[in-house]
Amino acid sequence: MRFELLKILLVDDNHHMRVLIGEILRAIGVGGVYEASDGAEALTIMRQHAIDIVMTDLAMEPLDGIDFVRLLRNSPDSPNQMCPVVMITGHSTQKRVREARDAGVTEFLAKPVTARGVIDRITQVVEFPRSFIRTEDYFGPDRRRKIDPHFSGPWRRASDEAKAI
């Protein structure tokens with residue numbers, strides 16, 4: 001993978017965590033590393049730069065990671081609704097993970113962060129991009145990670161039924 005071509009935005013209200021992840025990204029050769037201390041600042045940076053991947057913390061003030069992702073995915077003036085988002089969290093309870101997934105998060109990275117974990121998530125996002133889905137109450141990456149050819153239903157999307165025929 002050519003990490004030097006990537007532009008990654010780190011969003012975390014903890015300066016030390018931004019420095020840690022930023023150093024990991026620079027060590028693997030990421031070409032552009034941008035930093036924001038909250039979701040509002042992140043949206044501003046995304047309007048100024050063509051960001052390829054966002055890595056954001058879940059728990060931030062005043063705009064947390066989930067609210068940031070909701071704005072990124074659903075706001076009419078979003079700078080890039082389809083930008084992959086890796087949610088970094090030490091709060092990996094099922095409820096919070098489900099909430100982030102339902103907001104449109106692409107991947108998760110649990111704290112404590114390791115270089116291997118960062119590389120794995122970036123590789124997953126770049127080499128296995130997920131198609132985006134729009135429904136009445138959701139816009140974001142398809143939550144299904146694989147297509148099971150033996151699945152016989154119940155079908156929940158019109159496009160699924162078309163594939164089955």
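The model is predicted, so local features need pLDDT of at least 70 and side-chain atom pairs pLDDT 80 or more, while totals for chains, interfaces and linings use all residues. Residues are numbered from 1 along each chain as its sequence is written, and side-chain values use heavy atoms, without hydrogens and water.

Next, colour Met17, Arg18, Ile21, Gly22, Ile24 and Leu25, the buried residues of α1 (buried is under 20% relative accessible area, exposed over 50%, partly exposed in between, with a 1.4 Å probe and protein chains only). Viewed down the helix axis, these residues fall within an arc of 160°, so they line one face of α1; the arc is that of the directions from the axis to the C-beta atoms. On the other side, His16 and Ala27 are exposed.

At the start of α1, display Asn14: one of its side-chain oxygens lies within 2.8 Å of the backbone nitrogen of His16. After the helix comes Gly29, with a positive phi near 95°.

Then select the largest nonpolar core, which has 22 residues (a set of buried Ala, Val, Leu, Ile, Met, Phe, Trp, Tyr and Cys residues joined through side-chain atoms within 4.5 Å). Val69 is among those with the most contacts inside this core.

Technical notes:
Helix = DSSP H or I, 4+ residues; strand = E, 2+ residues; numbered from the N terminus. Polar contact = N/O pair within 3.5 Å; in protein donor to acceptor, adjacent residues only side chain to side chain.
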